[in-house]
Amino acid sequence: MLSYFLKRLLGLIPTLLIVMVLVFLFVHMLPGDPARLAAGQDADEQTVQLVRQELGLDKPMPVQFANYFLRMVHGDLGTSIRTRRPVLDVIGERFMPTFWLTLTSMVWSVIFGMLIGIVSAVFRNRWPDQLGMTLAVSGISFPAFALGMVLMQIFSVDLGWLPTVGADSWRNYILPSITLGAGVAAVMARFTRASFVDVIGEDFVRTARAKGVREWIVITKHCLRNALIPVVTMMGLQFGFLLGGSIVVEAVFNWPGVGRLLIDAVNVRDYPVIQALVLMFSLEFILINLVVDVLYGFINPTIRYK
């Protein structure tokens, strides 16, 4: 297991290098002049040129990438063009609100999604199954930004129960987490149902039932573990999508997280912040996939890594 883990970590290096190149090219393809935005619309051309030199944007693209790569190797993400602060500090201030929002959304969506999926599989083709899958399709079909606005209108404007902005207390997390996790809960419900339907039809399940084992033991002990591997795979992917997909939800609720930070950075062409955030999202996906692969061995002891 340890050797497999170390090999996977070493395998991250070429992947991150490719991502760095793509991110650098993508950011520099964005329309707009960051030097002009940093200097101000009323600045003369000489001032803009001085700002461009200060930011290193006057150098050829290969030189800019070499400087960017060398800074990354030394753990320096650069300085924000907008705030003139280290990018690492800027992201550090915004990361935890996004992390806790994502974690909260993931916890409730996985619990409810798996519960709906298991109930739908056990009562397949009956009314609990039809109700559960109707809710799942509705959760997938309804856009997150529209759901967020509906929830704000009902629970904040009309009823006045919950706040709409800020991340000061647990009450601030309710509406954004529901908005962010609704789609994940729907996906988890459908995926869990499909996985359980396959496992319930296996011979060992029929044998357990023939021996008189109670149904809840058959479901929780015999079916759950065997159905978890594809579910855990989807769970890991959805967690990565939540971290990246929080951008829309954070914009709707004006959430002080990295998603909102990315939107602000794109608006002012803050190259260092954009590059750091996109690279961070990519690294999160890679690490989550690694964690999911390691979890396979704990869920199913018959899996061996080489």
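For this tour, helices (H or I, at least four residues) and strands (E, at least two) are DSSP runs, numbered from the N terminus. With cartoons on, the chain shows 12 helices and 0 strands. Read from the N terminus, the order of elements is α-α-α-α-α-α-α-α-α-α-α-α.

Before you click further, some housekeeping. This is a predicted model, where local features need pLDDT of at least 70 and side-chain atom pairs count only at pLDDT 80 or more, while totals for chains, interfaces and linings use all residues. Residues are numbered from 1 along each chain as its sequence is written, and side-chain values use heavy atoms, with hydrogens and water left out.

**Whole chain**

Zoom out and select everything. Along the principal axes, the C-alpha atoms fill a box of roughly 85 × 60 × 30 Å.

How much of the chain is buried? Buried means under 20% relative accessible area, exposed means over 50%, and partly exposed is in between (1.4 Å probe, protein chains only). On that scale, 42% of the 306 residues count as buried.

Next, contacts, meaning heavy atoms within 4.5 Å. Among the contacts with a separation of 6 or more, 72% are between residues 24 or more positions apart.

Now colour by charge. Lys and Arg count as positive and Asp and Glu as negative, with His and the chain ends not counted; each charge is placed at NZ of Lys, CZ of Arg, CG of Asp or CD of Glu. The 25 positive and 21 negative charges have mean positions 13 Å apart.

**Aromatic stops**

Select the Phe, Tyr and Trp residues. Their rings (the six-membered one for Trp) pair if the centres lie within 6.5 Å; planes under 30 degrees apart count as stacked, over 60 as edge-to-face and the rest as tilted. That rule gives 9 aromatic pairs. Start with F65 and Y68: their ring centres are 6.1 Å apart and their planes sit at 55°, so this pair is tilted. Both residues are in helix 4 (residues 61-73), and because they are 3 residues apart there, about one helical turn separates them. F65 is partly exposed because its relative accessibility is 23%, while Y68, at 4%, is buried.

Jump to F155 and W161 for another tilted pair, with 6.1 Å centre to centre and 45° between the planes. Here F155 is partly exposed at 26% relative accessibility, and W161 is exposed at 52%.

Go to T102 in helix 5 (residues 87-122). Is T102 buried or exposed? Its relative accessibility is 0%, so T102 counts as buried. Look for a polar contact here, that is, a pair of N or O atoms within 3.5 Å; within protein, one must be able to donate a hydrogen and the other to accept it, and residues adjacent in sequence count only if both atoms are side-chain atoms. The T102 side chain reaches the backbone oxygen of T98 at 2.7 Å.

T179, your next pick, is in helix 8 (residues 171-200). T179 is buried too, with a relative accessible area of 3%. A polar atom of the T179 side chain lies 2.8 Å from the backbone oxygen of L175. Which residues does T179 contact, leaving aside neighbours within four places in sequence? Show A144, L147, G148, L151, V249 and F253.

**A proline in a helix**

Select P230, which sits in helix 10 (residues 215-253). P230 is partly exposed because its relative accessibility is 30%. Not counting residues up to four places away in sequence, P230 touches F191 and S195. F191 is 39 residues from P230 along the chain, yet their C-alpha atoms are separated by 8.1 Å.

**Positive phi**

Last, check backbone torsions. Most residues other than glycine have a negative phi, and most peptide bonds are trans. R84, not a glycine, has a positive phi of about 60°. Find R84 in the loop between helix 4 and helix 5, where R84 is partly exposed at 42% relative accessibility.

Finish at N254, in the loop between helix 10 and helix 11 (258-267). N254 has a positive phi near 50° and, at 43% relative accessibility, counts as partly exposed.
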